[in-house]
Amino acid sequence: MALTNGLAKIETQRLKEQICHDDSAMPVKAQTVDELHSLQMKKSGPNTPIIGLQQTTSGSEADKDKQQLESISASLASLTRETGPKVVKGDPSKQPETPKVVHASHQHQHTPSFSNITDSALKFTHILYNLSPAELYEQAIQYEKGSFITSSGALATLSGAKTGRSPRDKRVVKDDTTSKELWWGKGSPNIEMDEKTFLVNRERAVDYLCSLEKVFVNDQFLNWDPINKIKVRIVSARAYHSLFMHNMCIRPTPEELENFGTPDFTIYNAGKFPCNRYTHYMTSSTSIDINLARREMVILGTQYAGEMKKGLFSLMHYLMPKRQILSLHSGCNMGKDGDVALFFGLSGTGKTTLSTDHNRYLIGDDEHCWSDHGVSNIEGGCYAKCIDLSREKEPDIWNAIKFGTVLENVVFDEHMREVDYTDKSVTENTRAAYPIEYIPNAKIPCVGPHPKNVILLACDAFGVLPPVSKLNLAQTMYHFISGYTALVAGTEDGIKEPTATFSACFGAAFIMLHPTKYAAMLAEKMQKQGATGWLVNTGWSGGSYGSGSRIKLAYTRKIIDAIHSGELLNANYTKTEVFGLEIPNELKGVPSKILDPVNNWPNKNAYKETLLKLAGLFRKNFEVFTDYKIGADSKLTEEILAAGPNFRGDSSISGA
């Protein structure tokens, strides 16, 4: 039957027994779309593959939540208010303001009292507390310009105008205690400020954070050693910073978070908000301030996340030695038989490459503690350089750059979002921060027995240090304090010359005490545990940069393997001139000719001249440490000095 429009009428037949089924189940238990969305996510807590859980304390969930908010409110208390701000958990864009708030009394003394109030006393401070990576991705992408998901799943972010640390803007409060305990003066990274100036900057940072609609709060741990772990709280303005610290610190379990209590140390990161240039001690709009007495750190005028990581490392360099625990800027791995090795080295020496070994477990890549019962990683993540990163050279780091990883200041394709790791348009200091469990052979928990070998790495572009040397304790202290490597300078009229670089304890920017104190602790622990010190040159042989050649990585790996296996301990040794280094006569898999550098130089006079020049640079660098006495007398200091280079007549190095 045709209709007037020419279309046939569709006949339908209702069959009682033949019913067309779809894939739907029972109707959803929701009356509105908002209620339906509320069913999409169930409540959960943070998780992490770490040490055993603590028992939960008694009390209702409401009481625990109230205590938690009171603690955060107290952390955010301004010096000019008698109570902390009104705090409430949750994203302000997803929930209405609620009267269910918490105040905390200001716990510090000498609080100025003001009768007038401002809008900050009337508003809520929304706390985004220990968010998961997925939640922080949402916050960053929605609210922070320059945040994108890359093709690998990592979050690409920008750190603003500062793409590296600002060591000249770092300050430490000098008081009656720290004036005696810390290393001050020439060569020291510790630049002083007074208590009042710190409080001015703290007030500026806290008031800024409390003026925001929301702040991110991380409660986490430092040090995988359960006996000596430190509780830290990080208050920040950016999701990027919260995710960075989520990765870099040790992540608490839900049970540990419930019982977290008062932190041992708090960071107030105001990010891009500058310091007041008219404030005493300020030399720029950036200021990174540490107050050890108050157990607080303030960051103003920089969004570079590495300031938080290294600020906490400085804290550990102060706290741990007071417990007779040695804090170390080193990589650390462990063999299948439990033999642990520490790797020290400045940038470009191969520390990351050589400490990453598929035949050994990675305990950590950067920061460690050595206590009476072994080594432990300070951090819960890795902070790897990305410039020129490739899957072939660094497969573990490459594969770790996935969902949850923070990529700082990298350049990527606009459409495919594939990162170009060779592009230095933003900065050469591109970085990736990821949890340590992203490395396949990471040892969780990140602890190990006492080190068997202490390996000091130097990329000697002068070409006069042996590929490997066995060190006695005094030599280990001397080279540990020196922290030597050599970089290749820029081109000038077609000539490239090496430039010596020294960084005390292989991390001068972060140490708090005098370098000889860390060196003495290292020697004491090595002697007690029977560890051996080694100096490994990953630089040039047969001449300086431009005439000699770089020692092959395959040879260096053979050397490191021989150290791990104990093969090198049984070798026959010869002592070199000037530096007095013990070098093996032969080593399987390594040409004997290169083991003694003089053999590989075609011009022996040029070798001797270069050797004396480098010895002079060592001596000049060490001058800042010669007037420091360890203990009641200077016996240990004299032993360290005697372990340095020896040569006859100062005239031969007068031009050094």
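The model is predicted: local features need pLDDT of at least 70, side-chain atom pairs count only at pLDDT 80 or more, and totals for chains, interfaces and linings use all residues. Residues are numbered from 1 along each chain as its sequence is written, and side-chain values use heavy atoms, with hydrogens and water left out.

**The open sheet**

Five strands form an open sheet with mixed pairing, in the order S3-S4-S19-S22-S18. Helices (H or I, at least four residues) and strands (E, at least two) are DSSP runs, numbered from the N terminus. Two strands pair if DSSP finds at least two bridges between them. Strands S3 (148-149) and S18 (381-385) are the edges, and each pairs on one side only. Inside the sheet, S19 (residues 406-408) and S22 (residues 431-435) are antiparallel over three bridges. Val 406 has Ala 433 in S22 as its bridge partner.

**Strand S7**

Nine of the nine residues of S7 (residues 214-222) are buried, so the strand is largely enclosed by the rest of the structure. Buried means under 20% relative accessible area, exposed over 50%, partly exposed in between (1.4 Å probe, protein chains only). In a regular strand, side chains alternate between the two faces of the sheet. Both faces of S7 are covered, with Phe 216 among the buried residues on one side and Val 217 among those on the other. S7 pairs in the parallel sense with S2 (residues 124-129) over four bridges. It pairs in the antiparallel sense with S8 (residues 230-236) over seven bridges.

**Helix H11**

Nine of the 10 residues of H11 (residues 473-482) are buried. Just after the helix, Gly 483 takes a positive phi of about 60°.

**Aromatic contacts**

The whole structure holds 20 aromatic pairs. Rings of Phe, Tyr and Trp (its six-membered ring) pair if their centres lie within 6.5 Å; planes under 30 degrees apart count as stacked, over 60 as edge-to-face and the rest as tilted. Two pairs are tabulated.

| Pair | Centre to centre | Angle between planes | Type |
|---|---|---|---|
| Phe 244 and Tyr 383 | 5.0 Å | 85° | edge-to-face |
| Phe 480 and Phe 506 | 6.4 Å | 45° | tilted |

Phe 244 lies in helix H6 and Tyr 383 in S18, so their pair ties together parts 139 residues apart in sequence. Both residues, Phe 244 and Tyr 383, are buried. Phe 480 and Phe 506 are buried too. One aromatic cluster includes Trp 183, Tyr 478 and Phe 622.
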